[in-house]
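Here's a quick briefing to read with the model open beside you. Have a look at the structure, then work through the notes by topic.

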Amino acid sequence: MLKPTEKIWHNGRFIPWQEARIHVLSHVVSYGSSVFEGIRCYATARGPAIFRLRDHLRRMLDSAKVYRMEVGYSLEQLAEAAVELVRVNRLESCYIRPIVLRGYGEMGIYGCRNPVEVFFACWEWGRYLGEEALARGVDVCVSSWRRLAPDTLPAMAKAGANYMNSQLIKMEAVTNGYDEGIALDAAGYVSEGSGENLFVVRDGRILTPPLGASVLPGITRDTVIRLAGELGIPVVETLIPREMLYLADELFFTGTAAEITPIRSVDRIVVGAGRRGPITEALQREFFAIVEGSKPDRYGWLTPVPAPEPVQDR
């Protein structure tokens, strides 16, 4: 269950958590007309810091553009809202959820005359696939559900409607005793997890599906590609056949929620040694050193959150 915080940002002002409501006949409820982001704020020695905030917000504005949604706020205004949200809620680390949605107005598929509403919420949240998953790894299956074909829904937009597909993938996996599912694209090549990008390690190289394989352009995906380059590990974006999942030396998921999570088996076939491999571990070590502040933020990825105002005694 979500642990409520004190405030949510809504259309330029802070409101109590319990007052963040929409009408049941809002366009988004019937037609899934929303775009959103997931952003992590990490506790560092210098205080809370939000990871790649502007990259996430740029992707949200891009998603809104695809769906002709006028957000009404600049990237910098949204960034300021996110920082202030964490500050007023006095959190050291948290998950931030910005949402842009079509609200209450006309009913019907065409929603461009409905008001666009913007919410930012944050709350404490641990490891998405479990605390032990970062070292132990997770068991996954190849889903019977395919990812979106390129001429159906835009996979590069992080839209609420896309995640009905993700829910089918996840539900099938969990029902059958797995932690997560991997979907193939419309052509039968490896795409991604229900909410994670995927990386394959084979003979010292890292392979990952290209954007054309119906994958979301993940912020953590981009982070791993950059860090791997610094570590001298070649990364190739290429189409990946399903059987490569079984033949990999290592597999791992990336995502804001999943961070860098190793995969220990696919369809009950053990991956490599059946535990986190050395390349996955090296990338994890470098990633967490940056986001937790033990290594310099050489990319400028962290946005510090100022200390909250001291509570006045009554």
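This is a predicted model: local features need pLDDT of at least 70, side-chain atom pairs count only at pLDDT 80 or more; totals for chains, interfaces and linings use all residues.

Numbering starts from 1 along each chain as its sequence is written, and side-chain values use heavy atoms, with hydrogens and water left out.

**Positive phi**

- Most residues other than glycine have a negative phi.
- Ser214 isn't a glycine, yet its phi is positive, at about 60 degrees.
- Ser214 counts as buried at 6% relative accessibility, where buried means under 20% relative accessible area, exposed over 50%, and partly exposed in between (1.4 Å probe, protein chains only).
- Arg268 is a non-glycine residue with a positive phi too, near 70 degrees, and Arg268 belongs to the loop between strand 15 (259-266) and strand 16 (269-270).
- Arg268 is exposed, with a relative accessible area of 52%.

**The largest pocket**

- The largest pocket has a volume of about 1,200 Å³, that being the space filled by probe spheres set on grid points joined across faces, edges and corners.
- A pocket here is an open set of points on a 1 Å grid over the protein atoms alone, where a 1.4 Å probe fits, with protein on both sides within 12 Å along at least five of seven lines.
- Its lining takes in 49 residues (each with an atom within 4 Å of a point), and Phe36, Tyr95, Arg97, Lys158 and Tyr163 lie nearest the centre.
- Which helix gives the most to the lining of the largest pocket? Helix 5 does, with six residues.
- Elements that each supply at least two lining residues include strand 3 (34-36), helix 5 (162-175), helix 6 (219-230) and strand 14 (250-255).

**Cysteines**

- Searching the whole structure turns up zero disulfides (pairs of cysteine sulfur atoms within 2.5 Å).
- Cys122 is in no disulfide, and the nearest cysteine sulfur, that of Cys94, is 4.4 Å away.
- Cys122 counts as buried at 0% relative accessibility, and Cys141 counts as buried at 5%.

**A loop residue on the outside**

- Ile109 lies in the loop between strand 6 (94-102) and strand 7 (116-123).
- With a relative accessible area of 72%, Ile109 is exposed.

How values were computed: Helices (H or I, at least four residues) and strands (E, at least two) are DSSP runs, numbered from the N terminus.
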